Protein chains: 2
Amino acid sequence: MRKTTSTNAINEKLIIDGCGMARALSIVGGRWKPAILCRLKHNTMRYGELKKSIEGISERMLVTQLRELEEDQIIERIVYPEVPPRVEYRLTDLGKTMNPMLEAMSDWGNMHREKVGDKAPASVDI
Amino acid sequence: MRKTTSTNAINEKLIIDGCGMARALSIVGGRWKPAILCRLKHNTMRYGELKKSIEGISERMLVTQLRELEEDQIIERIVYPEVPPRVEYRLTDLGKTMNPMLEAMSDWGNMHREKVGDKAPASVDI
DNA sequence: CAGCATCCGGTTTGATACTG
DNA sequence: CAGTATCAAACCGGATGCTG
């Protein structure tokens, strides 16, 4: 459990309250969230598909970040009562409103890669 | 010193390489960076001005984040050889190209605040 | 004025093993 | 299949004191 009284947490809240940018970042800014959002941007995906497609992510992190996005009402979790179990994730309507922002971020990031151009071979944005 | 061989660091690099969004976030995504960029978006500012205007930031954090932004060539540090010393910070040309993205983030953040509407009094975006 | 250096606790992340 | 639980390591950020 995270302490809500630590200076750290207080500062975080302060920043988020004061600035729209920070607010956006607080939602989109987890380590793995961009990767998740990239993938859910156009399709619905199953838990296992996400896991396979995101190289290096651990189960714990995938679940944690999915839960956070769900809490922020960016994505929806749909459970099919089947055996074996099936769970799909997709953007909510609110999540879809992020698209222009995500697009802008992705564009700038790619532009920056070309301009400053270190690492990353011919691979394209996922 | 940060270990560059930790799984953590490796994963970070992996994500950044693979996704433009992540790359953008890696630059703009520090705790205090949005606050700094908000302020430098329109004017040149001195170190002390920044410090005063960003409530709650410690010197260590301000300097750290400024240095990182400088390394990423988003901001420029201009030292005037005077006594007492004067140092100003401003966006580079590359930094200015971020504006559409920052705008998009800010817009979405503010939209989200209104929609989901918790906390934050009448204060406007800084 | 504009910073560094050091210490240190809290938070985040990852590895691994286990469950309905 | 889709997770949960627990542990340990890495990292971030804050407080404080000092310097050119």
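This is a predicted model: local features need pLDDT of at least 70, side-chain atom pairs count only at pLDDT 80 or more; totals for chains, interfaces and linings use all residues.
User: Let us start with helix H5 of chain B. How many residues does it have, and how far does it reach?
Analyst: H5(B) covers residues 59-71, which is 13 residues, and reaches 18 Å from its first C-alpha to its last. That is close to the 18 Å expected at 1.5 Å a residue.

User: Which of its residues are buried?
Analyst: B:Leu62, B:Gln65, B:Leu66 and B:Leu69 are buried in H5(B). Seen down the helix axis, the buried residues fall within an arc of 105°, so they line one face of H5(B).

User: Why would residues three or four places apart point the same way?
Analyst: An α-helix has 3.6 residues a turn, so residues at that spacing point the same way.

User: What do the buried residues of H5(B) pack against?
Analyst: They pack against helices H2 (20-28), H3 (33-40) and H4 (47-53), and against strands S2 (75-80) and S3 (86-91), of chain B. On the other side of H5(B), B:Arg60 and B:Glu71 are exposed.

User: And what follows the helix?
Analyst: B:Gln73 follows H5(B), and its phi is positive, near 65°.

User: Changing topic: what is the area buried between chain B and chain A?
Analyst: The buried area is about 4400 Å², and carbon and sulfur atoms give 68% of that. In chain B, the residues that lose the most area to chain A are B:Met21, B:Arg23 and B:Trp108, together 18% of what that side buries.

User: How many salt bridges and polar contacts are there across that interface?
Analyst: The rule finds zero salt bridges between chain B and chain A, while six residue pairs are in polar contact. The elements giving two or more residues to the chain B side are H1 (7-18), H2, H3 and H7 (99-116) of chain B. H7(B) provides the largest share, 13 residues.

User: Is helix H2 of chain A buried or exposed?
Analyst: Eight of the nine residues of H2(A) are buried, so this helix is largely enclosed by the rest of the structure. Among them are A:Met21, A:Arg23 and A:Leu25.

Notes. Residues are numbered from 1 along each chain as its sequence is written. Chains are lettered from A and ligands numbered from 1 in the order in which they are written. Side-chain values use heavy atoms; hydrogens and water are left out. Helices (H or I, at least four residues) and strands (E, at least two) are DSSP runs, numbered from the N terminus. The expected span of a helix is 1.5 Å times one less than its number of residues. Buried means under 20% relative accessible area, exposed over 50%, partly exposed in between (1.4 Å probe, protein chains only). The arc is that of the directions from the helix axis to the C-beta atoms. Contact means heavy atoms within 4.5 Å. Buried area is the accessible area (1.4 Å probe) that two parts lose on being put together, summed over both. A salt bridge is a side-chain nitrogen of Lys or Arg within 4 Å of a carboxyl oxygen of Asp or Glu. A polar contact is a pair of N or O atoms within 3.5 Å; within protein, one must be able to donate a hydrogen and the other to accept it, and residues adjacent in sequence count only if both atoms are side-chain atoms.
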